[in-house]
Amino acid sequence: MAKIIMTADDSASVRQMVSFTLKQGGYEVVEAVDGKDALQKLASHKVDMLITDLNMPNLDGIGLIKGARGLASCRFIPIVMLTTESQDSRKQEGKAAGATGWIVKPFKPEQLMAVVKKVLG
Amino acid sequence: MMDVHRQAFKEEAYELLSELESSLLELEERPDDIDLIGRVFRAMHTIKGSGSMFGFDDIASFTHEVETIFDMVRNGKLEVTKLLVNLTLAARDQIKSMLDHSDDGGTADAEASARIIAGLRTLACCDAPAAAPVQPKAAQPLPSEKVSYRIRFVPARNIFASGSNPLTLLAELRELGTCNVTAQTSGFPTLSEMDPEACYVYWDVILTTDQGINAIRDVFIFVEDDCELRIEVIAEHDRFADRQDYKKLGEILLERGDISPKEMAEVLAQQKRFGELAVSKGILAEAKVQSALVEQRHIKEVHQEKQSAEAASSIRVPAERLDDLVNLVGELVTVQARLTQTATQREDAELSAIAEEVERLTAELRDSALNIRMLPIGSTFSKFKRLVRDLSSELGKEIEMTTDGAETELDKTVIEKLNDPLVHLIRNSIDHGVELPQAREAAGKPRHGTVHLAAVHSGDSVLITIADDGAGLDKEAIRAKALERGIIAQGSELSEKELFALIFAPGFSTAKKVSSVSGRGVGMDVVKRAIEALRGSIEISSVRGAGTRITVRIPLTLAIIESLLVKIGDDSFMLPLSLVDECIELTREDRSRSHGRNLAHVRGGLVPYIPLRERFAIAGAPPEIEQIVITEVNGQRVGFVVDHVIGEHQTVIKSLGRAYRNVEGVSGATILGDGSVALILDIPQLVQSVEAEAA
């Protein structure tokens with residue numbers, strides 16, 4: 001069965017690109033428009049991995065990571081955050097919140113797939 | 001060892017440089033081709049990078065300048081201009097000369113380097129920073145070299161909390177190369193103390209990879225803060241010298257005779273392995289010893305694997321060894337012919353079956369042996385491109401060279417020997433053939449002249465044509481010159497073909513003045529002789545005002561030829577089949593009718609013939625009906641009278657011994673199936689010497 005990955009991003013274009021790349025890679029994708037939406041969907045969907053932007057309305061990425069780690073189904077899943085290079089402090093914050101890794105924006109589809117493969121196996 | 005690396009680099013660099021040259025020449029034609037620019041950049045980049053690693057610092061820093069320029073070109077900051085190509089070509093030559101000088105201790109012309117760099121910097125304009133010479137890179141193993149690493153990966157207890165899975169990391173490591181993983185479980189607490197969500201395991205990994213240490217660090221990039229990671233190089237697997245471990249103590253003592261084998265065996269029997277000793281004394285945990293043993297085994301395996309891999313990949317072999325092989329195959333072909341003949345004579349079915357098998361295998365062996373020496377002629381073509389470019393600008397002509405059939409394969413020795421004649425022919429086309437731009441315009445032709453070089457397979461030979469769209473040959477000028485030089489007699493009737501062939505006569509040159517391009521004391525007769533030495537032929541056709549086409553026909557290989565076996569008395573001779581047209585009979589009546597003029601009627605035409613029995617002073621009377629083998633040399637039909645024509649024969653050419661090397665009319669010899677020797681006739685030379693005697 002295909003693994004399910006959630007992409008949480010308020011930017012439709014990024015979501016689309018991530019979603020398209022992952023689907024091409026053979027994964028199922030659940031999309032979420034912000035942290036709040038993501039957390040709600042996580043409660044009812046079982047996902048194998050979460051890819052989240054850091055800056056989102058309603059609930060930002062750090063909040064989402066913390067919230068996800070609080071869910072029993074998400075305690076050990078890989079969570080990857082999308083950051084820009086200038087956000088090094090945010091990266092540390094994310095790691096502290098329980099993120100597994102990060103992808104620096106802008107990135108190419110291959111880079112995304114490489115990271116997914118790295119953390120999901 | 002370093003020398004071997006240096007040598008390898010030099011070979012690589014020479015290859016890159018010749019690639020670079022053709023890329024640059026193409027770039028001149030298509031200055032916007034991004035791929036080409038990329039190719040030039042990469043070539044420079046590789047030369048620079050590898051150069052500094054192997055101590056070619058001068059080359060590295062010089063190449064760096066050129067690379068910088070092409071980086072700008074690549075990024076669209078600079079345009080490809082003729083000046084840029086010129087400078088880069090000059091730089092390429094300079095790098096080559098640096099390479100050439102790198103071993104003899106001499107140095108390339110430093111002033112030239114400075115000049116080229118200055119030129120390039122001017123091109124790059126003032127805003128380009130004065131490029132600093134590259135620092136030779138810190139001693140980092142070549143990415144392509146395999147290195148073995150010992151990696152100890154101790155994840156933090158809470159690693160799972162961040163969603164990381166150590167197993168996927170190990171899987172990623174495995175993809176980098178040959179990998180041995182040992183899990184260390186000594187950290188496990190008792191069950192009652194154990195936290196099921198914590199990680200107590202750590203791993204020892206021995207990894208052999210050519211990806212470099214950074215690739216390994218990248219694997220752990222997300223967890224580097226949450227783990228203890230130690231990466232050490234334990235072995236660099238140099239391509240050439242795998243350091244052997246020095247002898248063990250026992251071996252040394254044994255060699256010195258300080259201990260007898262028996263004594264040693266007794267001592268060894270009592271000895272426990274170090275690992276067992278350490279474990280039994282409680283110093284080490286069993287698992288740690290196991291892990292160390294894994295490392296030992298891993299390195300051994302990598303060595304073995306590498307050795308077999310090296311044996312399998314492609315190798316460079318000195319050309320002489322190939323020549324030896326071809327020679328041996330030649331001998332084999334000869335012996336096989338004898339075997340077949342003997343088997344046929346004995347009418348032994350069993351022996352015949354074996355002979356047939358051997359014949360088939362020999363033919364395959366011969367083909368593949370000859371194939372090894374086949375090279376595409378393209379490498380020679382690209383050299384000529386440069387020649388045309390340089391010469392035409394020297395002469396103020398605008399000439400473009402086009403090529404066709406660069407992939408046509410020819411025997412390596414043939415290609416080498418073809419170089420000089422072809423250079424000469426191309427020089428001639430440029431110097432005498434293509435006119436100056438003004439003259440071309442006046443004649444209603446484009447300013448740009450073209451020299452077209454083409455190679456194409458034709459049966460067992462290759463046709464090489466050099467065609468220009470120049471002025472063409474002036475028949476009257478040729479006739480006048482030939483008369484003046486006494487090459488032809490006054491009032492002699494010559495066909496166009498014969499007239500053109502005069503160009504190849506010794507001592508003939510139509511150039512009104514001697515320029516630096518042609519007229520280096522080498523006439524076209526030398527070209528012709530060189531081609532004939534390759535058992536080839538040369539033909540010329542030309543239309544006044546439209547251009548000249550020279551066709552060189554060259555046999556595919558020099559080692560084995562198809563020939564016609566003939567007999568005169570008891571002696572056997574071979575005529576190269578490529579020159580033979582047909583065979584006709586010559587009766588004694590025919591002979592007497594011709595009144596000693598040695599002319600035969602062939603379908604209405606007259607063909608002169610050379611009676612070989614007389615020519616070679618072979619004793620005995622000719623048979624009632626002799627045979628004339630009619631050949632065509634330089635468009636001229638000449639017959640050779642022999643006693644019998646035996647048939648076609650595949651001939652392995654053996655050169656004659658030193659004493660016979662200068663014998664006229666014979667180009668070599670071969671050994672026949674019955675062990676006897678047959679001489680291979682040099683037909684053009686025979687014709688020439690007979691003509692010379694008659695004149």
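**A tour of chain B and its partner**

Guide: The buried residues of α13(B) pack against α12 (319-346), β5 (374-376) and β12 (560-568) of chain B. Before you ask more: this is a predicted model, where local features need pLDDT of at least 70 and side-chain atom pairs count only at pLDDT 80 or more, while totals for chains, interfaces and linings use all residues. Residues are numbered from 1 along each chain as its sequence is written, with chains lettered from A and ligands numbered from 1 in the order in which they are written.

Visitor: Which are the buried residues of α13(B)?
Guide: A residue is buried if 20 or more other C-beta atoms lie within 10 Å of its own, exposed if 12 or fewer, and partly exposed in between, with C-beta atoms placed from the backbone. Helices (H or I, at least four residues) and strands (E, at least two) are DSSP runs, numbered from the N terminus. By that count, the buried residues of α13(B) are Ala355(B), Arg366(B) and Leu370(B).

Visitor: What share of chain B do buried residues make up?
Guide: Chain B carries 22 helices and 21 strands. Of its 695 residues, the buried part is 30%.

Visitor: In what order do the five strands of the open sheet in chain B come?
Guide: Strands count as paired if DSSP finds at least two bridges between them. β8 (residues 449-458) and β9 (residues 461-468) of chain B run antiparallel, joined by eight bridges, and β9(B) pairs with β11 (residues 547-555) of chain B in the antiparallel sense, also over eight bridges. The pairing across the open sheet is mixed, and the order is β6-β8-β9-β11-β10.

Visitor: And which are its edge strands?
Guide: An edge strand here pairs on one side only. In this sheet of chain B, those are β6 and β10 (537-543).

Visitor: What stands opposite Val462(B) in β11(B)?
Guide: Val462(B) is the bridge partner of His457(B) in β9(B). Looking across to β11(B), Val462(B) stands opposite Ile554(B).

Visitor: Why does Glu400(B) count as partly exposed?
Guide: Glu400(B) sits in strand β6 (residues 399-404) of chain B. Two residues are in contact if their C-beta atoms, placed from the backbone, lie within 7 Å; leaving aside neighbours within four places in sequence, Glu400(B) is in contact with His448(B) and Thr450(B). Glu400(B) counts as partly exposed because its C-beta neighbours inside 10 Å number 16.

Visitor: How far apart in space are Glu400(B) and His448(B)?
Guide: In sequence, Glu400(B) and His448(B) are 48 residues apart. In space, C-alpha to C-alpha, the distance is 6.8 Å.

Visitor: Where does the kink in α15(B) lie?
Guide: The bend at a residue is the angle between axes fitted to the seven residues ending there and the seven starting there. In α15(B) the kink is about 35 degrees and comes shortly before the proline Pro421(B). Its place is Asn419(B).

Visitor: Which helix gives the largest share of the side of chain A that touches chain B?
Guide: The contact takes 13 residues from chain A and twelve residues from chain B. The largest share on chain A's side is three residues, from helix α5 (residues 109-120) of chain A.
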